Amino acid sequence: MKKARKLLLSLLFAMLVSVLFGSVSMAAGTVAKIGSTKYTSLEDAVKKVKNGETIVLQKNVSYTSVLSVSRSGKSFTLDLNKKTITFKKGSCLKLKKGTMTIKNGTIVQTSQTGYVIKVSEGATLKVAGGTYKGMISNSGTMTVSKGTFASINKTAGASDAELITNYGTLTISGGTFKGKYNTILLNYGTLSVTGGTFTTTDLALSNYDYDFSTNTATDAIATIQDASFECGILFINVGVLTIKNVTANVTESLGMCYHSNSPTSTSPNVKIQSGKFTSSGTDNSLLSAVEGGTGGTITISGGTFKSATTSSLFYASGSGTIKVTGGTFTLTGSGSLFNCTYADGVRIKVTGGTFTAKKGYRYANSASKANTSLKGATVTTKKSIKQK
(Lines give C-alpha, C1' and ligand atoms only; values in the text may rest on other atoms or scores of the structure.)
Protein backbone atom coordinates (compact mmCIF):
# COMPACT_ATOMS: atom_id res chain seq x y z
CA MET A 1 0.00 0.00 0.00
CA LYS A 2 2.82 2.41 0.91
CA LYS A 3 4.58 1.70 -2.39
CA ALA A 4 1.37 2.34 -4.32
CA ARG A 5 0.86 5.62 -2.42
CA LYS A 6 4.43 6.75 -3.20
CA LEU A 7 3.95 5.86 -6.87
CA LEU A 8 0.70 7.83 -6.99
CA LEU A 9 2.34 10.86 -5.36
CA SER A 10 5.23 10.67 -7.82
CA LEU A 11 2.82 10.61 -10.75
CA LEU A 12 0.85 13.55 -9.36
CA PHE A 13 4.06 15.55 -8.82
CA ALA A 14 5.21 14.82 -12.36
CA MET A 15 1.87 15.97 -13.73
CA LEU A 16 2.05 19.17 -11.65
CA VAL A 17 5.57 19.95 -12.95
CA SER A 18 4.39 19.35 -16.47
CA VAL A 19 1.48 21.75 -16.07
CA LEU A 20 3.51 24.46 -14.33
CA PHE A 21 6.70 24.34 -16.37
CA GLY A 22 5.78 22.69 -19.61
CA SER A 23 4.73 26.02 -21.16
CA VAL A 24 8.11 27.55 -20.27
CA SER A 25 9.90 24.83 -22.14
CA MET A 26 7.60 25.39 -25.14
CA ALA A 27 8.06 29.16 -25.03
CA ALA A 28 11.84 28.77 -25.11
CA GLY A 29 11.54 27.61 -28.73
CA THR A 30 8.97 30.23 -29.75
CA VAL A 31 10.38 32.90 -32.06
CA ALA A 32 7.16 34.57 -33.19
CA LYS A 33 3.45 34.55 -32.51
CA ILE A 34 0.35 35.38 -34.52
CA GLY A 35 -2.39 35.73 -31.94
CA SER A 36 -2.02 32.66 -29.70
CA THR A 37 -0.34 30.57 -32.41
CA LYS A 38 3.38 30.07 -31.83
CA TYR A 39 6.09 29.64 -34.45
CA THR A 40 9.63 28.40 -34.06
CA SER A 41 10.92 30.70 -36.82
CA LEU A 42 10.05 34.10 -38.21
CA GLU A 43 10.03 32.59 -41.69
CA ASP A 44 7.20 30.23 -40.74
CA ALA A 45 5.18 33.08 -39.26
CA VAL A 46 5.65 35.14 -42.43
CA LYS A 47 4.43 32.25 -44.58
CA LYS A 48 1.31 31.75 -42.46
CA VAL A 49 0.30 35.35 -41.70
CA LYS A 50 -3.09 36.37 -43.04
CA ASN A 51 -4.42 39.70 -44.22
CA GLY A 52 -4.72 42.17 -41.33
CA GLU A 53 -2.83 40.00 -38.82
CA THR A 54 0.20 40.95 -36.70
CA ILE A 55 3.35 38.91 -36.23
CA VAL A 56 4.84 39.56 -32.78
CA LEU A 57 8.53 38.74 -32.41
CA GLN A 58 9.29 36.87 -29.17
CA LYS A 59 13.08 36.84 -29.08
CA ASN A 60 16.17 38.32 -30.72
CA VAL A 61 17.12 36.59 -33.98
CA SER A 62 20.05 36.83 -36.40
CA TYR A 63 20.51 35.87 -40.04
CA THR A 64 23.41 35.08 -42.36
CA SER A 65 21.12 34.68 -45.39
CA VAL A 66 18.28 36.74 -46.85
CA LEU A 67 14.99 36.80 -44.96
CA SER A 68 12.59 36.84 -47.90
CA VAL A 69 9.03 38.13 -47.44
CA SER A 70 6.68 37.42 -50.34
CA ARG A 71 2.98 37.74 -49.48
CA SER A 72 1.19 38.96 -52.57
CA GLY A 73 -2.13 40.61 -51.81
CA LYS A 74 -1.54 40.47 -48.05
CA SER A 75 -1.24 43.43 -45.67
CA PHE A 76 0.18 42.64 -42.24
CA THR A 77 2.26 44.02 -39.39
CA LEU A 78 5.59 42.89 -37.97
CA ASP A 79 5.72 44.02 -34.34
CA LEU A 80 9.35 43.68 -33.29
CA ASN A 81 8.18 43.78 -29.68
CA LYS A 82 11.33 45.64 -28.54
CA LYS A 83 13.46 42.79 -29.88
CA THR A 84 16.34 42.92 -32.40
CA ILE A 85 16.83 41.32 -35.80
CA THR A 86 20.50 41.21 -36.79
CA PHE A 87 21.67 40.69 -40.37
CA LYS A 88 25.23 39.83 -41.24
CA LYS A 89 27.05 40.50 -44.53
CA GLY A 90 25.12 39.17 -47.50
CA SER A 91 21.83 39.00 -45.64
CA CYS A 92 18.96 41.45 -45.23
CA LEU A 93 15.19 41.68 -44.93
CA LYS A 94 13.88 41.61 -48.50
CA LEU A 95 10.22 42.49 -49.03
CA LYS A 96 9.32 41.05 -52.44
CA LYS A 97 5.52 41.16 -52.42
CA GLY A 98 2.75 42.41 -50.16
CA THR A 99 2.33 45.29 -47.73
CA MET A 100 4.22 45.09 -44.44
CA THR A 101 4.22 47.52 -41.50
CA ILE A 102 7.22 47.38 -39.14
CA LYS A 103 7.38 48.94 -35.67
CA ASN A 104 8.60 48.75 -32.10
CA GLY A 105 12.11 47.30 -32.21
CA THR A 106 15.52 47.24 -33.88
CA ILE A 107 16.84 45.88 -37.17
CA VAL A 108 20.60 46.11 -37.65
CA GLN A 109 23.16 45.20 -40.30
CA THR A 110 26.66 44.31 -39.05
CA SER A 111 28.45 44.87 -42.38
CA GLN A 112 29.34 48.45 -43.30
CA THR A 113 28.64 47.69 -46.97
CA GLY A 114 25.47 45.65 -46.42
CA TYR A 115 21.79 46.48 -46.64
CA VAL A 116 19.42 46.06 -43.75
CA ILE A 117 16.19 46.26 -45.81
CA LYS A 118 15.38 45.99 -49.52
CA VAL A 119 11.93 46.70 -50.94
CA SER A 120 11.20 45.24 -54.37
CA GLU A 121 9.10 46.82 -57.10
CA GLY A 122 5.42 46.27 -56.39
CA ALA A 123 5.90 45.79 -52.64
CA THR A 124 5.01 48.31 -49.91
CA LEU A 125 6.87 48.90 -46.65
CA LYS A 126 5.41 51.08 -43.91
CA VAL A 127 7.76 52.05 -41.07
CA ALA A 128 5.77 53.12 -38.00
CA GLY A 129 8.65 53.24 -35.52
CA GLY A 130 11.78 51.41 -34.48
CA THR A 131 15.53 51.71 -35.00
CA TYR A 132 17.25 50.74 -38.25
CA LYS A 133 21.03 50.61 -38.64
CA GLY A 134 22.40 50.06 -42.13
CA MET A 135 21.52 50.92 -45.71
CA ILE A 136 17.99 50.69 -47.12
CA SER A 137 17.07 50.26 -50.79
CA ASN A 138 13.54 51.00 -52.01
CA SER A 139 12.32 50.05 -55.48
CA GLY A 140 8.67 49.86 -54.48
CA THR A 141 6.67 52.06 -52.13
CA MET A 142 8.04 53.04 -48.73
CA THR A 143 6.46 55.29 -46.11
CA VAL A 144 8.06 56.43 -42.86
CA SER A 145 5.97 58.08 -40.14
CA LYS A 146 8.54 57.73 -37.36
CA GLY A 147 11.70 55.84 -36.44
CA THR A 148 15.46 56.25 -36.14
CA PHE A 149 17.70 55.48 -39.12
CA ALA A 150 21.49 55.45 -39.02
CA SER A 151 24.30 54.61 -41.41
CA ILE A 152 26.90 52.23 -40.00
CA ASN A 153 29.56 53.03 -42.62
CA LYS A 154 32.09 55.14 -40.75
CA THR A 155 33.72 56.48 -43.92
CA ALA A 156 32.23 59.83 -44.93
CA GLY A 157 31.98 60.15 -48.70
CA ALA A 158 32.10 56.40 -49.34
CA SER A 159 29.98 55.35 -52.32
CA ASP A 160 28.32 52.62 -50.24
CA ALA A 161 27.45 54.89 -47.32
CA GLU A 162 24.00 56.00 -48.51
CA LEU A 163 21.35 55.70 -45.85
CA ILE A 164 18.32 55.32 -48.14
CA THR A 165 18.57 54.70 -51.89
CA ASN A 166 15.23 55.28 -53.57
CA TYR A 167 14.22 54.01 -57.00
CA GLY A 168 10.49 54.02 -56.31
CA THR A 169 8.16 56.14 -54.20
CA LEU A 170 9.41 57.28 -50.81
CA THR A 171 7.22 59.28 -48.40
CA ILE A 172 8.60 60.58 -45.09
CA SER A 173 6.41 62.39 -42.57
CA GLY A 174 8.69 62.00 -39.53
CA GLY A 175 11.74 60.30 -38.09
CA THR A 176 15.42 60.87 -37.40
CA PHE A 177 17.93 60.13 -40.16
CA LYS A 178 21.70 60.10 -39.60
CA GLY A 179 23.92 59.40 -42.59
CA LYS A 180 27.60 59.53 -43.49
CA TYR A 181 27.32 60.31 -47.20
CA ASN A 182 23.96 60.64 -48.96
CA THR A 183 21.21 60.59 -46.37
CA ILE A 184 18.85 59.99 -49.28
CA LEU A 185 20.01 59.05 -52.79
CA LEU A 186 17.02 59.59 -55.07
CA ASN A 187 17.41 57.62 -58.29
CA TYR A 188 14.68 58.27 -60.88
CA GLY A 189 12.14 58.00 -58.12
CA THR A 190 9.69 60.24 -56.27
CA LEU A 191 10.34 61.66 -52.81
CA SER A 192 7.93 63.51 -50.51
CA VAL A 193 9.20 64.78 -47.16
CA THR A 194 6.76 66.53 -44.80
CA GLY A 195 8.75 66.20 -41.58
CA GLY A 196 11.81 64.67 -39.96
CA THR A 197 15.35 65.54 -38.89
CA PHE A 198 18.24 64.76 -41.22
CA THR A 199 21.90 64.83 -40.15
CA THR A 200 25.03 64.07 -42.14
CA THR A 201 28.59 65.37 -42.34
CA ASP A 202 28.32 65.19 -46.13
CA LEU A 203 25.41 65.29 -48.58
CA ALA A 204 21.80 65.29 -47.36
CA LEU A 205 20.04 64.70 -50.67
CA SER A 206 21.39 63.58 -54.01
CA ASN A 207 18.51 63.93 -56.42
CA TYR A 208 19.60 62.15 -59.58
CA ASP A 209 20.69 58.99 -61.33
CA TYR A 210 23.65 59.64 -63.59
CA ASP A 211 25.49 57.02 -65.64
CA PHE A 212 28.91 58.41 -66.48
CA SER A 213 29.64 55.55 -68.90
CA THR A 214 26.73 56.50 -71.16
CA ASN A 215 26.48 60.17 -70.16
CA THR A 216 22.77 59.84 -69.41
CA ALA A 217 20.60 60.80 -66.47
CA THR A 218 17.00 60.35 -65.39
CA ASP A 219 15.03 63.05 -63.65
CA ALA A 220 13.85 62.46 -60.11
CA ILE A 221 11.04 64.41 -58.47
CA ALA A 222 11.23 65.55 -54.85
CA THR A 223 9.29 67.82 -52.51
CA ILE A 224 10.76 68.66 -49.11
CA GLN A 225 8.93 70.70 -46.49
CA ASP A 226 8.65 71.11 -42.72
CA ALA A 227 11.96 69.29 -42.19
CA SER A 228 15.27 70.10 -40.50
CA PHE A 229 18.76 69.48 -41.91
CA GLU A 230 22.24 69.56 -40.37
CA CYS A 231 24.54 68.68 -43.23
CA GLY A 232 27.66 69.32 -45.23
CA ILE A 233 25.70 70.02 -48.44
CA LEU A 234 21.92 70.23 -48.66
CA PHE A 235 21.58 68.78 -52.14
CA ILE A 236 23.14 68.05 -55.49
CA ASN A 237 20.43 67.97 -58.09
CA VAL A 238 19.62 67.39 -61.75
CA GLY A 239 15.97 66.55 -61.23
CA VAL A 240 12.93 68.50 -60.04
CA LEU A 241 13.09 69.66 -56.44
CA THR A 242 10.73 71.89 -54.43
CA ILE A 243 11.69 73.14 -50.96
CA LYS A 244 9.21 74.68 -48.50
CA ASN A 245 9.59 75.71 -44.86
CA VAL A 246 12.90 73.91 -44.40
CA THR A 247 15.54 74.73 -41.79
CA ALA A 248 19.05 73.90 -42.99
CA ASN A 249 22.43 74.45 -41.38
CA VAL A 250 25.13 73.74 -43.96
CA THR A 251 28.78 73.38 -42.97
CA GLU A 252 30.75 72.18 -46.01
CA SER A 253 32.65 74.63 -48.19
CA LEU A 254 30.70 73.68 -51.33
CA GLY A 255 27.69 75.56 -50.00
CA MET A 256 24.03 74.78 -49.70
CA CYS A 257 23.25 73.77 -53.25
CA TYR A 258 25.18 72.60 -56.26
CA HIS A 259 22.63 72.27 -59.05
CA SER A 260 24.03 70.62 -62.14
CA ASN A 261 22.13 69.48 -65.20
CA SER A 262 23.10 66.58 -67.44
CA PRO A 263 22.69 66.84 -71.23
CA THR A 264 19.77 64.38 -71.21
CA SER A 265 17.85 65.74 -68.24
CA THR A 266 14.45 66.99 -69.46
CA SER A 267 13.19 69.56 -66.97
CA PRO A 268 15.72 70.18 -64.20
CA ASN A 269 14.84 72.86 -61.72
CA VAL A 270 14.96 73.73 -58.06
CA LYS A 271 12.24 75.83 -56.44
CA ILE A 272 12.90 77.28 -52.99
CA GLN A 273 9.74 78.84 -51.62
CA SER A 274 10.42 79.34 -47.90
CA GLY A 275 12.67 78.35 -45.03
CA LYS A 276 15.77 79.35 -43.11
CA PHE A 277 19.14 78.48 -44.61
CA THR A 278 22.52 79.11 -42.99
CA SER A 279 25.90 78.21 -44.48
CA SER A 280 29.17 78.45 -42.57
CA GLY A 281 31.22 77.24 -45.56
CA THR A 282 33.61 79.87 -46.88
CA ASP A 283 35.23 78.53 -50.05
CA ASN A 284 32.33 78.22 -52.51
CA SER A 285 29.00 79.76 -53.40
CA LEU A 286 25.88 79.30 -51.35
CA LEU A 287 23.73 78.53 -54.41
CA SER A 288 25.11 77.34 -57.75
CA ALA A 289 23.42 76.66 -61.09
CA VAL A 290 26.04 75.26 -63.42
CA GLU A 291 26.91 73.02 -66.36
CA GLY A 292 24.61 71.05 -68.61
CA GLY A 293 23.21 71.11 -72.11
CA THR A 294 19.84 72.75 -71.41
CA GLY A 295 20.80 74.41 -68.16
CA GLY A 296 19.69 73.99 -64.60
CA THR A 297 17.41 76.61 -63.04
CA ILE A 298 17.14 77.65 -59.39
CA THR A 299 14.08 79.76 -58.60
CA ILE A 300 13.80 81.44 -55.19
CA SER A 301 10.55 83.11 -54.15
CA GLY A 302 11.10 83.33 -50.38
CA GLY A 303 13.17 82.32 -47.38
CA THR A 304 16.00 83.66 -45.23
CA PHE A 305 19.56 82.96 -46.38
CA LYS A 306 22.81 83.68 -44.56
CA SER A 307 26.30 82.79 -45.74
CA ALA A 308 29.86 83.37 -44.52
CA THR A 309 31.42 82.65 -47.91
CA THR A 310 34.44 84.48 -49.24
CA SER A 311 33.40 83.37 -52.73
CA SER A 312 29.89 84.38 -53.83
CA LEU A 313 26.32 84.05 -52.66
CA PHE A 314 25.02 83.10 -56.13
CA TYR A 315 26.98 81.47 -58.92
CA ALA A 316 25.67 80.78 -62.43
CA SER A 317 27.83 79.19 -65.10
CA GLY A 318 27.33 78.00 -68.65
CA SER A 319 23.61 77.64 -69.29
CA GLY A 320 22.65 77.55 -65.60
CA THR A 321 20.16 80.19 -64.43
CA ILE A 322 19.22 81.64 -61.03
CA LYS A 323 15.94 83.56 -60.66
CA VAL A 324 15.04 85.45 -57.49
CA THR A 325 11.62 87.01 -56.86
CA GLY A 326 11.77 87.27 -53.07
CA GLY A 327 13.67 86.41 -49.88
CA THR A 328 16.20 87.92 -47.51
CA PHE A 329 19.88 87.33 -48.24
CA THR A 330 22.79 88.25 -45.97
CA LEU A 331 26.45 87.84 -46.83
CA THR A 332 28.64 87.96 -43.70
CA GLY A 333 31.87 86.97 -45.46
CA SER A 334 34.10 89.03 -47.73
CA GLY A 335 32.84 87.51 -50.97
CA SER A 336 30.40 88.86 -53.54
CA LEU A 337 26.65 88.58 -53.94
CA PHE A 338 26.62 87.67 -57.63
CA ASN A 339 29.08 85.71 -59.76
CA CYS A 340 28.15 84.98 -63.35
CA THR A 341 31.39 84.97 -65.32
CA TYR A 342 31.13 82.08 -67.78
CA ALA A 343 27.69 82.64 -69.26
CA ASP A 344 26.09 83.33 -72.64
CA GLY A 345 23.92 86.19 -71.46
CA VAL A 346 22.05 87.21 -68.32
CA ARG A 347 21.98 84.16 -66.05
CA ILE A 348 21.19 85.74 -62.67
CA LYS A 349 17.81 87.47 -62.81
CA VAL A 350 16.64 89.27 -59.66
CA THR A 351 13.23 90.94 -59.53
CA GLY A 352 12.68 90.99 -55.76
CA GLY A 353 14.23 90.32 -52.37
CA THR A 354 16.59 92.08 -49.98
CA PHE A 355 20.35 91.62 -50.28
CA THR A 356 22.93 92.81 -47.75
CA ALA A 357 26.73 92.48 -47.91
CA LYS A 358 28.38 94.63 -45.24
CA LYS A 359 31.89 93.27 -45.86
CA GLY A 360 31.53 91.98 -49.39
CA TYR A 361 30.90 93.15 -52.93
CA ARG A 362 27.88 93.37 -55.20
CA TYR A 363 29.58 91.61 -58.15
CA ALA A 364 32.51 89.22 -58.36
CA ASN A 365 33.83 90.96 -61.49
CA SER A 366 32.83 93.07 -64.49
CA ALA A 367 31.49 90.07 -66.40
CA SER A 368 29.23 89.21 -63.47
CA LYS A 369 27.78 92.72 -63.58
CA ALA A 370 27.06 92.31 -67.28
CA ASN A 371 25.40 88.91 -66.79
CA THR A 372 23.24 89.90 -63.80
CA SER A 373 19.92 91.72 -63.92
CA LEU A 374 18.76 93.56 -60.78
CA LYS A 375 15.27 94.99 -61.09
CA GLY A 376 12.98 95.46 -58.10
CA ALA A 377 15.45 94.17 -55.48
CA THR A 378 16.90 96.04 -52.51
CA VAL A 379 20.67 95.64 -52.52
CA THR A 380 22.93 97.11 -49.85
CA THR A 381 26.71 96.92 -50.29
CA LYS A 382 29.59 99.33 -49.68
CA LYS A 383 31.65 97.80 -52.50
CA SER A 384 30.69 97.22 -56.11
CA ILE A 385 33.07 94.95 -58.07
CA LYS A 386 35.59 92.63 -56.41
CA GLN A 387 37.78 92.08 -59.46
CA LYS A 388 37.59 94.42 -62.45
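Me: How much of the chain is buried?
Reply: Buried residues account for 49% of the 388 residues. Keep in mind that this is a predicted model.

Me: How many helices and strands does the chain have?
Reply: Three helices and 40 strands.

Me: And what about contacts between residues at least 6 apart in sequence: what share joins residues at least 24 apart?
Reply: That share is 59%.

Me: What does the surface come to?
Reply: The accessible surface of the chain is about 17200 Å². Carbon and sulfur atoms hold 51% of that.

Me: Now the inside. How many residues are in the largest nonpolar core?
Reply: The largest nonpolar core has 88 residues. Leu-42 and Leu-234 have the most contacts inside it. As background, nonpolar side chains in soluble globular proteins tend to be buried together.

Me: What does Leu-234 touch, leaving out residues up to four places away in sequence?
Reply: Its partners include Leu-203, Leu-205, Phe-229, Ile-243, Val-250, Met-256 and Phe-277. Gly-255 is also among them.

Me: Switching to aromatics. How many aromatic pairs are there?
Reply: The structure holds 13. One of them is Phe-177 with Phe-198. Their ring centres are 4.7 Å apart and their planes meet at 5°, so this pair counts as stacked.

Me: Where do Phe-177 and Phe-198 sit?
Reply: Phe-177 is in strand E15, residues 176-179, and Phe-198 is in strand E18, residues 197-200. The pair therefore ties together parts that lie 21 residues apart in sequence.

Me: Is Phe-177 buried or exposed? And Phe-198?
Reply: Phe-177 is buried, because its relative accessibility is 0%. Phe-198 is buried too, at 2%.

Me: Which residues form an aromatic cluster?
Reply: One cluster is made of Phe-277, Phe-305, Phe-314, Phe-329, Phe-338, Phe-355 and Tyr-363. Phe-277 also touches Leu-234.

Me: What joins the side chains of Asn-339 and Ser-368?
Reply: A polar contact of 3.3 Å.

Me: Where is Asn-339 found, and is it buried or exposed?
Reply: Asn-339 is in strand E36, residues 336-339. Asn-339 counts as buried because its relative accessibility is 14%, and the cut-off for buried is under 20%.

Me: Is Cys-92 buried or exposed? And Cys-340?
Reply: Cys-92 is buried, with a relative accessible area of 6%. Cys-340 is buried as well, at 0%.

Me: How far apart are Gln-273 and Gly-303?
Reply: They are 30 residues apart in sequence and 6.5 Å apart in space, C-alpha to C-alpha. Gln-273 touches Gly-303, and its other contacts include Thr-242, Lys-244 and Ser-301.

Me: Last one, a helix. Which helix holds Val-46?
Reply: Val-46 lies in helix H2, residues 42-48. Val-46 counts as buried, at 6% relative accessibility.

Me: What is Val-46 in contact with, leaving aside neighbours within four places in sequence?
Reply: Ile-55, Val-69 and Arg-71.

Methods: Residues numbered from 1 in each chain as written. Predicted model: local features only at pLDDT ≥ 70, side-chain atom pairs only at ≥ 80, totals over all residues. Heavy atoms only, no water. Helix = DSSP H or I, 4+ residues; strand = E, 2+ residues; numbered from the N terminus. Buried < 20%, exposed > 50% of the residue type's maximum accessible area, 1.4 Å probe, protein only. Polar contact = N/O pair within 3.5 Å; in protein donor to acceptor, adjacent residues only side chain to side chain. Phe/Tyr/Trp six-rings, centres within 6.5 Å; stacked < 30°, edge-to-face > 60°. Core = buried A, V, L, I, M, F, W, Y, C linked by side-chain atoms within 4.5 Å. Contact = heavy atoms within 4.5 Å. Areas by Shrake-Rupley, 256 points an atom, 1.4 Å probe, with all protein chains shown as cover.
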